[in-house]
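Subject: Structure handover

Hello,

Here is the structure for you to look through. My notes follow below it.

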Amino acid sequence: MAYAVIMPKAGMAMEEGTIMKWLKQEGDKVEAGEPLLEIHTDKVSMEVEAEAGGILLKILRQEGDVVPVTQTIAYIGETGEDISAAPAVPLKEKEYASKADKSDTFYDVIVIGGGPAGYVAAIKASQLGGRVALVEKDTVGGTCLNRGCIPTKAYLRNAELIDNLKTSADRGIILDTESLRIDMEKAVDYKNRVVSSLTTGVDGLLRSNNVRLYSGIGKISGEKQVTVNGDVVLDGGSIIVAGGSKAARISIPGIESPLVLTSDEALNLKKIPESLVIIGGGVIGIELATVFQAYGTQVTVVEIAGRILPGMDEEISETLSKVLSRKGIKLMTGVSLESVSELEGGLSLELQDHGALKASMALLSVGRVPDMEGFGNMKPESHRGRIKVNEYMETSIKGIYAPGDINGMKMLAHAAFKMGETAAENAMGNKAVFKSNNIPSCVYTIPEVASVGLTEAETKDRKDICIGKFPFSSNSRALAAGEYEGFVKVIADNKYGEILGVHIVGPGAAELINEAAVLMEMEITVHELSGTVHGHPTYSEAIMEAAADCLGRSIHLPGNS
Ligand SMILES: Cc1cc2nc3c(=O)[nH]c(=O)nc-3n(C[C@H](O)[C@H](O)[C@H](O)COP(=O)(O)OP(=O)(O)OC[C@H]3O[C@@H](n4cnc5c(N)ncnc54)[C@H](O)[C@@H]3O)c2cc1C
């Protein structure tokens, strides 16, 4: 179905824009994300990208026209499509006529999996007017709520409290005791209460949106058909398989020992291990290293890559490594594990060229693999065990969508939310694309780490970039809080000042990065950012100062003379 291209609202104050140049002509093929036209506002000239692919069917407004924001300027669709019937607004706002009057078990959309991708897809499809079923084999909320984002954050808050108690004497807050005891039964119980309140909330949201919940294993059993527990058969217009992921395993002798845990079991330990070897220094491994070190466990991280958090900006992971090492976490990088054997009261982990490590337990955190069960015998195209999807979240089989961890594009809950929404829009006949740039990544260590956009290494071949940095040791809020480790790094393009990447290690990084992501999505330049006013004293002033440093104009950094 054709969709409307509108004059975008490219800034808070923008009311109209001038069409400078059409980069595509009527009849041209357009890919999603491809520049379609150039516009000029009172502030900037910019390119407008196509939100979805197709043929540029009709140009309604010509070069030189001044057009109010949100007014339709063109249509994109399939060749030969009749646009006289197309709405003069983006399709998202159109009413959907449900086809679900066929039978009690017919749904416009059937969703398999109730994690962040699946439950959001179900709610969105229902909001768009569809009759929706959701099949979940466990508890709604998926990995994120039950054994991922939320349980780890509950424990990381405990780690932060312990850290604060240990440093409070320096600030004149004296505890008249040397001892600190962790009651793991209580810690697990607290974490479970948080999880339960959130999963109950999701269950309520689904019900209040009239999503019909089926409890059991859902599998595609035919074209547009899903069977629950091999028994109840549901028919659907479209199917969304949001089966998520599970912990990856490696084939190493001895790895199947019950003393080698995954994050699922580690988050339910009722006794703190005396020592723990964490196999894998990625996000999950490093967050859990932070938790168990604070609980008093002797933690060693073994990482095969040359540094921990290998996907993050190098300088950021170096800074975090120093802090973690100083806290007593032993980091062994460039080291691989060869085998595991059980000993009296623990494990011996044999490393290649680095001898053996003894520990009470080990935690295997070497990544996640998609859970394909929901596809049943259906075999959509995949790559390295991950379902291939296009920007509409559609698999190689028409009408079957696969948002979230199952496609391996970005294994993050907030990416899964957006992918789920995108899949639902398309399943309901609209056109929406998932854009994978400007999605932040966060690591909730102490201090936190967060990143969006290109790293310094990814821009190393470009000569036209500037890098601005601002240390938290020069930020007044961070100094007052006593949390002044780390910095903000802004990477920008020299010519236009476009922000290409922001990397933060320091207090509140996981909150701060969202400001950077919004700025990048809105294409705000370093000139504009450094001209804004941020509340004082706040950590976020460091972002503004780092942008100003790109231009050599940071006020709170020493001058060159
Ligand atoms: C320890 C840990 C910490 C994490 N921390 C963060 C974090 O801080 N921030 C972040 O963004 N991400 C984090 N993640 C990643 C995040 O949890 C995932 O990216 C997110 O949950 C993916 O959502 P999803 O809906 O694709 O899959 P999932 O959350 O895995 O949900 C899939 C759901 O589908 C169900 N299911 C699967 N197959 C079937 C079937 N055949 N029938 C019925 N039901 C089925 C499963 O039971 C599950 O409920 C963390 C992950 C882990 C393991």
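How many Å separate the centres of domain 3 and domain 4, taken over C-alpha atoms? The figure is 29 Å. Please keep in mind that this is a predicted model.

**Domains**

The protein chain is split into domain 1 (3–97), domain 2 (108–246 + 370–427), domain 3 (260–366) and domain 4 (441–550). Domain 2 is therefore written as two segments, 108–246 and 370–427. Domain 3 touches domain 4, and that contact takes 13 residues from domain 3 and 15 residues from domain 4.

On the domain 3 side, α6 (283–295) and α7 (314–327) each supply at least two residues. Which of the helices gives the most to that side? It is α7, with six residues. By class, the side of domain 3 that touches domain 4 has seven nonpolar, two polar and four charged residues.

**Helix packing**

Start with α1 and α4.

Helix α1 covers residues 116–127, and helix α4 covers residues 184–208. Their axes lie 9 Å apart, at an angle of about 25 degrees. That angle makes α1 roughly parallel to α4. The crossing of α1 past α4 is left-handed. From α1, the contact uses Y119, A122 and I123. From α4, it uses V202, L205 and L206. By class, that contact has six nonpolar residues, no polar and no charged ones.

Now α3 and α4. How do these two helices cross, left-handed or right-handed? Their crossing is right-handed. The axes come within 9 Å and cross at roughly 135 degrees. The two helices are therefore oblique to each other. Why not antiparallel? Only angles over 145 degrees count as roughly antiparallel, so α3 and α4 fall in the oblique class. On the α3 side, the residues are I150, P151, A154, Y155 and N158. They meet A187, Y190, K191, V194, V195 and L198 in α4. This contact of α3 with α4 has nine nonpolar residues, one polar and one charged.

Which residues of α3 take part? They are T152, Y155, L156, N158, A159, I162 and D163. Their partners in α6 are E287, T290, V291 and A294. The classes in the contact of α3 with α6 are six nonpolar, three polar and two charged.

**Backbone details**

- A cis peptide bond joins I446 and P447, with omega about 5 degrees. P447 sits in the loop between β28 (441–443) and β29 (448–453).
- A cis peptide bond also joins H536 and P537, with omega about -5 degrees. P537 is in the loop between α11 (526–530) and α12 (541–550).
- D353 is not a glycine, yet it has a positive phi of about 60 degrees. D353 lies in the loop between β21 (346–351) and β22 (356–359).

Best regards

Key: Residues numbered from 1 in each chain as written. Predicted model: local features only at pLDDT ≥ 70, side-chain atom pairs only at ≥ 80, totals over all residues. Axes fitted to C-alpha atoms, helices over the stretch in contact; angles between N-to-C directions. Helix = DSSP H or I, 4+ residues; strand = E, 2+ residues; numbered from the N terminus. Parallel < 35°, antiparallel > 145°, perpendicular 65-115°, else oblique. Left-handed = near helix turned anticlockwise from the far one by under 90°. Contact = placed C-beta atoms within 7 Å. Nonpolar A, V, L, I, M, F, W, Y, C, P; charged D, E, K, R; others polar.
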